[in-house]
Amino acid sequence: MNEKCIIYSAHGGGHIQEALCSAQKSQQTLNNDISFILHTEKSPKRPGESIFNKILMQEVPDCFIGKPYGFKIKGMIDACKRLNFEYFLFLDTDAVIQKAEALEIFDLLKHFDIAAAHAPVRISPLAGKLGEDPLIPKCFPEFNSGVIAFKKSSMTTFEKWLDIYTSEPVKPDQPAFRKAVYLSNLRVATLTPEYNNRTPKKNNCFIWHNREALKEK
């Protein structure tokens with residue numbers, strides 16, 4: 001089995017359709033045998049989901065009510081626990097691989113534990129006390145959680161991320177991710193913006209993380 005995979009987490013019809021669209025577009029770009037995985041709520045199989053090599057089914061726990069990103073974090077944890085892969089690339093449902101060179105991200109995981117790009121706003125204005133945590137220097141910014149490459153060994157930090165996120169009154173997940181990564185022993189590689197282009201223009205990027213990417217023909 002390929003030791004690398006690309007994983008999406010989606011619940012609700014709209015996000016599942018986005019994941020299907022992103023996976024189809026990304027597969028056309030890559031044209032190789034890398035596995036695509038979908039983590040989704042427990043529900044009847046939808047047409048088109050066969051594009052994924054495996055579907056991880058899970059009901060949405062009650063503790064994620066009001067915490068919309070908890071299911072996503074749980075998806076990464078479950079992938080580490082349940083799948084026989086060593087390297088993972090998580091993509092939000094609105095992120096599309098534009099060039100095969102994007103998979104060079106996996107090469108980073110031979111020397112690092114996790115790779116992600118800085119969030120454009122550095123520290124979310126919605127971070128609350130997590131953004132003012134005295135344990136974390138302000139010069140350590142948030143990472144965008146929509147494109148993350150990671151090793152299976154990152155699972156413990158992701159479990160800490162989920163614990164911080166569900167225990168704090170903050171809706172966005174990136175402040176909790178920032179704290180979990182800072183307090184970990186993970187070796188972190190910072191991706192350049194072309195691996196997580198958040199703008200509405202393609203800009204010759206490797207991964208386009210914007211819903212305009214889903215509309216492109």
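A residue is called buried when its relative accessible area is under 20%, exposed when it is over 50%, and partly exposed in between (1.4 Å probe, protein chains only). By that rule, the buried residues of helix α1 are I16, E18, A19, L20, S22, A23, K25, S26 and L30. The model is a predicted one, in which local features need pLDDT of at least 70 and side-chain atom pairs count only at pLDDT 80 or more, while totals for chains, interfaces and linings use all residues. Residues are numbered from 1 along each chain as its sequence is written, and side-chain values use heavy atoms, with hydrogens and water left out.

**Overall form**

- The protein contains 6 helices and 9 strands; helices (H or I, at least four residues) and strands (E, at least two) are DSSP runs, numbered from the N terminus.
- The C-alpha trace spans about 45 × 40 × 35 Å along its principal axes.
- Of the 217 residues, 53% count as buried.
- The protein exposes about 10,300 Å², and carbon and sulfur atoms supply 51% of this area. Accessible areas come from the Shrake-Rupley method with a 1.4 Å probe; for residues, only the protein chains shown count as cover.
- Among contacts between residues at least 6 apart in sequence, 73% join residues at least 24 apart; a contact means heavy atoms within 4.5 Å.

- Helix α1 (residues 13-30) has 18 residues and reaches 26 Å from its first C-alpha to its last, close to the 26 Å expected at 1.5 Å a residue. The expected span is 1.5 Å times one less than the number of residues in the helix.
- The cover over the buried residues of α1 includes β1 (4-10), β2 (35-40), β5 (95-97) and α6 (212-215).
- Helix α5 (residues 174-182) is mostly covered, with 8 of its 9 residues buried. These are Q174, P175, A176, F177, R178, K179, A180 and V181.
- Among the elements that cover the buried residues of α5 are β6, β7, α4 (155-167) and β8 (188-191).

**Positive phi values**

- Most residues other than glycine have a negative phi.
- N31, which follows α1, has a positive phi near 50 degrees.
- R122 is a residue other than glycine with a positive phi, near 70 degrees. R122 lies in the loop between β6 and β7 and is exposed, with a relative accessible area of 52%.
- N204 is not a glycine, yet its phi is positive at about 55 degrees. The position of N204 is in the loop between β8 and β9 (207-209), and N204 is exposed at a relative accessible area of 57%.

**Salt bridges**

- Side chains of opposite charge can pair when their charged atoms come close. A salt bridge is a side-chain nitrogen of Lys or Arg within 4 Å of a carboxyl oxygen of Asp or Glu.
- The structure holds 14 salt bridges.
- One of them joins the side chains of D173 and K72 (3.2 Å, N to O). Because D173 lies in the loop between α4 and α5 and K72 in helix α2 (residues 70-82), the pair ties together parts that are 101 residues apart in sequence. Both D173 and K72 are buried.
- Another salt bridge is formed by the side chains of K81 and E159 (3.5 Å, N to O). This pair links distant parts of the chain, with K81 in helix α2 and E159 in helix α4, 78 residues apart. K81 is exposed, with a relative accessible area of 52%, whereas E159 is partly exposed, at 31%.
- K110 and D107 also meet through their side chains in a salt bridge (3.7 Å, N to O). K110 is exposed at 56% relative accessible area, and D107 is partly exposed at 40%.
- E18, D94 and R211 are linked in a network of salt bridges.

**A nonpolar surface patch**

- L135, Y182 and L183 form a nonpolar patch on the surface, with about 280 Å² of accessible area together. Patches are made of residues with over 30% relative accessible area and no salt bridge; like charges are joined within 9 Å, and nonpolar side chains (Val, Leu, Ile, Met, Phe, Trp, Tyr) within 5 Å.
- L135 is placed in the loop between β6 (114-118) and β7 (143-151), and L135 is exposed, with a relative accessible area of 52%.
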